[in-house]
Amino acid sequence: MEFRSSVQLIIYGILVFLGILSNLLVLVTILATTVEHHGLAPFDIILANFATVNLLICTFRNILLFISELGVKISLTLNWCRVFMFLWLWLKCVSVWVTFCLSCFHFLKIKQHLHLSTRMKEIFTVIKLLSAVWLVNFLYSIPAFIYTEKVSMNHTKKLMLVSTTDESFLTCSLKFPTRQDGLLFIAVSLILHEFLPIVLMICTNVSTVHYLNQHIREIADDHLHSVQVERTAVKMIMALVSLFVLCSGTHLLAVYYYNHNEGPATTLLLTLANYCASVFIGFSPLMLAAGHSRLRNKVCNVLHINISAG
C-alpha cells in the first residue's frame, strides 16, 4: 500500500474528487461562455484542452488508484494493461505540454501587446499547436504499449515511469528488453516531460513579467484597467507554473530516487508525489479560471445556480 493510513487515503480521495469536480466545472463554464458569446477564444481552447486532459487522468488513473488502495483487487488482461499504460503516459505528457502552451500563449500576448494576429489566425494557430501536442505525445507513448506486461499481484516494479507507486499498478508493469533500455527511456522521458518543461516555463514567465513591466511603463496611466487585467492574468499563470514546478519537481525526485537508490525515503517521496499531482490536477483549472474575468464571472454564476437548485 502506498497510502499507509486511512487518513492519508481519505485525503487522497478528496483530492481526486475535487480534481473531477473542478475540471468538469471549468469545462461546463467554457461551454456556457462559448454558447453565450457564439465563439471560443484561443485561450479558452487551450484551457478546455487542459481541463479535458486532467479530467481524463482523474478518470483513467487516479480513480483506479484510489479504488485499488481501498483494497479492491483489480486485475487487467495483457491487452488492457497495454491500453492503460499507453493512456497514462500519453495523458501525462499531454498535460505537461498543454500547461506550457498556456504559459507560452500568455507570454506572446503580453509581448505583442495583445495583438498577436487576427482572432481567426490565433484560433487556427492554437488548434494546430494543440493537435501537434496530442499527436507527438501519442507517438512518443507507443513504447509504453509495446513494452507492457501483465504481472502477479505481489510483483514489485523494478523501474518507474508513469505511476508513482512502488508496486505494479492493476497488475500492469513496464518491461523493457534490458534494464539499460528501460533506464534510457525513463531518462529521456524525465528530461523531455519534467526537466525541460520546468526550465521553459520558468524562462517564459520571467520574460512575461519583464515585458509586462515594460508595457506598463510605456502606456503609463492611459490604460489602467487593461494593465490591471494583465497583471491579474500574469499572477495566475505564475501561480500555475509555480504549482507545476513543485509537482513536477517532486515527481522527478521520486522517480529518480526510486530507480537509482530505493532508500528509506522512497515511500515518503512517492506518496508526496501522488498528493502533489492530485493537487495540481484539482486546483490548477480553477486558478486559471480565476484569472480570466469572463470565466470567473461565469463560474460564480454556475455555482450560484447549483447552490440555488440545492
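S95 sits in helix 3 (helices are DSSP runs of H or I, at least four residues, numbered from the N terminus). The model is predicted: local features need pLDDT of at least 70, side-chain atom pairs count only at pLDDT 80 or more, and totals for chains, interfaces and linings use all residues. Residues are numbered from 1 along each chain as its sequence is written, and side-chain values use heavy atoms, leaving out hydrogens and water.

S95 is buried, with a relative accessible area of 7% (buried means under 20%, exposed over 50%, partly exposed in between, with a 1.4 Å probe and protein chains only). Not counting residues up to four places away in sequence, S95 touches F50, V53, N54, I57 and F280 (contact means heavy atoms within 4.5 Å).

Aromatic pairs were searched for across the whole structure, and 14 were found. Rings of Phe, Tyr and Trp (its six-membered ring) pair if their centres lie within 6.5 Å; planes under 30 degrees apart count as stacked, over 60 as edge-to-face and the rest as tilted. F50 and F280 form an edge-to-face pair, 6.0 Å centre to centre with 90 degrees between the planes. F50 belongs to helix 2 (residues 42–69) and F280 to helix 8 (residues 266–290), so this pair ties together parts 230 residues apart in sequence. F50 is buried, at a relative accessible area of 0%. F280 is buried too, at 7%.

The F84 and W88 rings have centres 5.7 Å apart and planes at 50 degrees, so this pair is tilted. F84 and W88 are four residues apart in helix 3 (residues 78–111), about one helical turn. Both F84 and W88 are buried. Ring pairs join F84 and W88 with F60 and W80 in a cluster.

Two cavities of 30 Å³ or more are present. On a 1 Å grid over the protein atoms alone, a cavity is a set of points where a 1.4 Å probe fits but cannot get out; lining residues have an atom within 4 Å of a point. Grid points are joined across faces, edges and corners, and a volume is the space filled by probe spheres set on the points. The largest cavity holds about 400 Å³. It is lined by 24 residues, with I57, K92, H251, A277 and I281 closest to its centre. Helix 2, helix 3, helix 7 (224–260) and helix 8 each give two or more residues to this lining. By class, the lining comprises 12 nonpolar, nine polar and three charged residues (Ala, Val, Leu, Ile, Met, Phe, Trp, Tyr, Cys and Pro count as nonpolar, Asp, Glu, Lys and Arg as charged, and the others, Gly among them, as polar).

Note on methods: On a 1 Å grid over the protein atoms alone, a cavity is a set of points where a 1.4 Å probe fits but cannot get out, and a pocket is an open set with protein on both sides within 12 Å along at least five of seven lines; lining residues have an atom within 4 Å of a point.
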